[in-house]
Amino acid sequence: FLADVLPKTRDMAVFVKNKHRSNLMVLTAPVEPDAPRLFKWDNGFAWSYSGNVADSIKERVKNAGGKVEGDLCCRLAWDYKDDLDFHMLEPNGGHIYFINRRRLSSCGGELDLDANGADGLKAEPAENIVYGDQLRMKEGVYELLVHNYSRRSDEAGFKVEIEFGEQTYEIEYDKVVPQDATVSVAKLRYSK
């Protein structure tokens, strides 16, 4: 294929389902073998995801108008029309979810995106919970949940990204979340 088809090809198009878009990447390499390196590593290769952005969930949140800066950032992304809702149960009994979106909780957290719900259907749905200042956070366990408020497709799965300080954790859930079901994604223990 590479020897017989590609050298003679002038154009090529790839069609994939939207849910696979975030899996595509761009790989670049030098044309000249002795070209100087552009990066720190010992080869001339570089790669990026989702339109030259290495962090596609963060970029999706940013493009949707969500806050991507804060001491604790929790991001949810999926690629179908279900109305998945992000929830955070706080140690003081607070509950962040779509009912109180865009309002700071008593622990300083806020849900600022509600895709496929109050913010309307989105081509690249994302939800985002941000704690801007950890000094406002109460000590204890924070539980992050995903709830399927409205099942509208036969698609499955979601991705969650949790960023705290210099650490980023990625969680992938590949099962169907049925109508009105809730999945506990993570429990975060915060201590000053």
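**A hairpin and its surroundings**

Strand 9 (residues 158-164) pairs with strand 10 (residues 167-173) in the antiparallel sense, over seven bridges; pairing here asks that DSSP find at least two bridges between two strands. Phe-158 has its bridge partner in strand 10, namely Tyr-173. Two residues lie between the strands of this hairpin, and Gly-165 in the turn has a positive phi of about 60°.

A word on the source: this is a predicted model, in which local features need pLDDT of at least 70, side-chain atom pairs count only at pLDDT 80 or more, and totals for chains, interfaces and linings use all residues. Residues are numbered from 1 along each chain as its sequence is written, and side-chain values use heavy atoms, with hydrogens and water left out.

Stepping back, the chain holds one helix and 11 strands, where helices (H or I, at least four residues) and strands (E, at least two) are DSSP runs numbered from the N terminus. Their order from the N terminus is β-β-α-β-β-β-β-β-β-β-β-β. Of the contacts (heavy atoms within 4.5 Å) with a separation of 6 or more, 64% join residues 24 or more positions apart.

Of the 192 residues in the chain, 35% are buried, meaning under 20% relative accessible area with a 1.4 Å probe, protein chains only. Cys-107 is buried at 0%, and Cys-74 is also buried, at 0% relative accessibility.

What about disulfides, pairs of cysteine sulfur atoms within 2.5 Å? The structure has zero. For Cys-74, the closest cysteine sulfur is that of Cys-73, 7.5 Å away and therefore too far for a bond.

Conventions. Buried means under 20% relative accessible area, exposed over 50%, partly exposed in between (1.4 Å probe, protein chains only). A disulfide is a pair of cysteine sulfur atoms within 2.5 Å.
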